[in-house]
Amino acid sequence: MIVKNIAVLICCALAMLVPMKHALHVFQQNRYECGRLTEWIKENLSMNVKNSMGILLLCVIATIVSFMQWSFGWLLITVFLLVLFLYLYSKETKKKYIKPLVYTARVKRQIVVMVILACVIEVLLVWKELYFTLLWSAYFLPWIILYPMSLITSPIEASIRQSYLNDAKRILDSHAGLIKIGITGSFGKTTTKNIMQAMVSEQFNSLMTPASYNTPMGITRTIREMLKPIHQVFVCEMGADHVGDIEELMNFVHPQIGVVTSIGPQHLNTFGSQENIIREKMKMIEMLPSDGFGALNYDNPFIRNYKIKNPVETITYGVHSKDTDITVEDIHYTPSGSSFTVVYKGERIAMETKLLGELNILNILSAIAVAKHLGVTWSVIQRAVKQMKQVEHRLELKKINGYRFIDDAFNANPTGSAMALEVLGMMPNTRIIVTPGMIDLGEKQFEINKHFGSLMKGKADIVILVGKNQTKPIYEGLEESGYNMENVIVLDKVKEAFTYVYTHATPADTILLENDLPDAFNH
């Protein structure tokens, strides 16, 4: 009996290896939030059951084996199952994901707690001789114990997080005279930050938060590891997907300069309403000190119509809004970049840049607003705009295997996606778009993706949709717009899309990669 119990426990433990990795991967992509995880499970339940059929079949075999008397045949079957489970795990570890599970210190702590919880449950079930329940729960148990694991680890993570935050605050407080620039918005934050850094660093010793480090812990890590006494300016991207996020970051960093790049329906699921998004994003301006400075995108109606209660000095900018403090004229796009004229206080200054699209011109204007406030000269700004590199994965023109791509993989908002289509529409020869659509848009998600599909007519000659389920609204939008549906290809994986492109496109064509969903949301 003891040998049998140990064999069943080992079989069950190995059966849980792949499901536990999947569960942790999804939990990480849902930002370690149980509420987001629950919504994901509800939306993907049928897919989970389908993907688990192989494991469940093995559990059926193991269940039958568990009721057999100990024999040489029973031993052989047990060994076979052990080898099979190990094979499945080794196969899983070799899979290539768009965003793989990152084994951070936090994930390692979660694994320890999940293993302890799983062992306790397994031992109890074996002690009660509930072999059937034990083996059949092998796939689902890791998903269930994610919740108590989160409950147990949350105080630990909060304590670690707070200690790091306190250290970062201490470093900021000790850095007298540091000019801190906060940048937020529903989209355009990272690009604006990179452009801002390119301009400001020409005249100041400046540090920016790298990549998309826009959360409290990302900003904390930047301050603790990178901020030095020689830095004069700190350009800080601030993200938000819940009410209170910007307020928390403003109380943490205390920027004297704030930029709001845009406001839209991004993260409606977690914000709850568009009004909540507007109020939260505009706290960037409302919470600036009275002697601070704010830059506002007046092409965005939500920002333009917001009544600011803080008497802080502000400057407005826009491409279409001509009654702003800074605007542009004579915009021209080519496959290699953009040119335009900045109009500011009666002056007209010609600009050239490698960056593509109207959205990037807006981002440049916001950076110019701050740079001029800090006393940067026009000649320095012109040089910075001309020399600045394209921002990775954001309307980035690049060559991949000899083919011309516009990489907009990190874009996931309605305005940016529409502008990306405008850029694609100006390209020569065959124009191809590869997209899985947009997520995290709440009740408007279907409507927004459908509208996105309707905009493709006249801009894209071939449409490749990745993921049959999530791209249904795009497909419907294409149909209703009168698009030639013979030129619409629906595929399951991004890898398949690249294979199609490489076999059908030519180096003279242009391929737009619009958004790149994490694996948990790509179906």
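This is a predicted model: local features need pLDDT of at least 70, side-chain atom pairs count only at pLDDT 80 or more; totals for chains, interfaces and linings use all residues.
**Stop 1: helices H2 and H7**

Start by selecting residues 17-29, which form helix H2, and residues 105-127, which form helix H7. Two packed helices are described by the angle between their axes and the distance between the axes. Here the angle is about 135°, and the axes lie 12 Å apart. H2 and H7 are therefore oblique to each other. If you like handedness, H2 passes H7 in a right-handed crossing.

Which residues make the contact? On the H2 side, show Met 20, Leu 24, Phe 27 and Gln 28. On the H7 side, show Val 107, Gln 110, Ile 111, Met 114 and Val 115. Colour this set by type and you'll get seven nonpolar residues, two polar ones and no charged ones.

**Stop 2: some salt bridges**

Side chains of opposite charge can pair when their charged atoms come close. The whole structure holds 19 salt bridges, and we'll visit a few.

Select Glu 225 and Arg 221. Their side chains meet in a salt bridge, with 3.3 Å from N to O. Both residues sit in helix H11 (residues 216-226), four residues apart, or about one turn of the helix. Buried or exposed, or something in between? Glu 225 is partly exposed, with a relative accessible area of 45%. Arg 221 is partly exposed too, at 41%.

Now jump to Glu 280 and Lys 283, whose side chains form another salt bridge, 3.4 Å from N to O. Take the two partners one at a time. Glu 280 counts as buried because its relative accessibility is 1% and the cut-off for buried is under 20%. Lys 283 has 22% relative accessibility and counts as partly exposed.

Next, pick Glu 396 and Lys 398. Their side chains meet in a salt bridge as well, at 3.6 Å from N to O. Glu 396, at 14% relative accessibility, counts as buried, while Lys 398 is partly exposed with a relative accessible area of 22%.

Before moving on, select Arg 31, Arg 36 and Asp 241 together: these residues are linked in a network of salt bridges.

**Stop 3: Pro 289 in its loop**

Where is Pro 289 found? Look in the loop between helix H15 (283-286) and strand E5 (293-297). Pro 289 is partly exposed, with a relative accessible area of 30%.

Pro 289 and Gln 256 are 33 residues apart in sequence, but 6.3 Å apart in space, going from C-alpha to C-alpha. Leaving out residues up to four places away in sequence, Pro 289 touches Pro 255, Gln 256 and Val 312.

**Stop 4: helices H20 and H21**

For the last stop, select residues 445-454 (helix H20) and residues 472-480 (helix H21). Their axes come within 6 Å and cross at roughly 45°. H20 and H21 are therefore oblique to each other, and their crossing is right-handed.

To see the contact, show Phe 446, Asn 449, Lys 450, Phe 452, Gly 453 and Ser 454 on H20.

Definitions and conventions. Residues are numbered from 1 along each chain as its sequence is written. Side-chain values use heavy atoms; hydrogens and water are left out. Axes are lines fitted to C-alpha atoms, for helices over the stretch in contact, and angles run from 0 to 180 degrees between N-to-C directions. Helices (H or I, at least four residues) and strands (E, at least two) are DSSP runs, numbered from the N terminus. Angles under 35 degrees count as roughly parallel, over 145 as roughly antiparallel, 65 to 115 as roughly perpendicular and the rest as oblique. A crossing is left-handed if the near helix is turned anticlockwise from the far one by less than a right angle, and right-handed if clockwise. Contact means heavy atoms within 4.5 Å. Ala, Val, Leu, Ile, Met, Phe, Trp, Tyr, Cys and Pro count as nonpolar, Asp, Glu, Lys and Arg as charged, and the others, Gly among them, as polar. A salt bridge is a side-chain nitrogen of Lys or Arg within 4 Å of a carboxyl oxygen of Asp or Glu. Buried means under 20% relative accessible area, exposed over 50%, partly exposed in between (1.4 Å probe, protein chains only).
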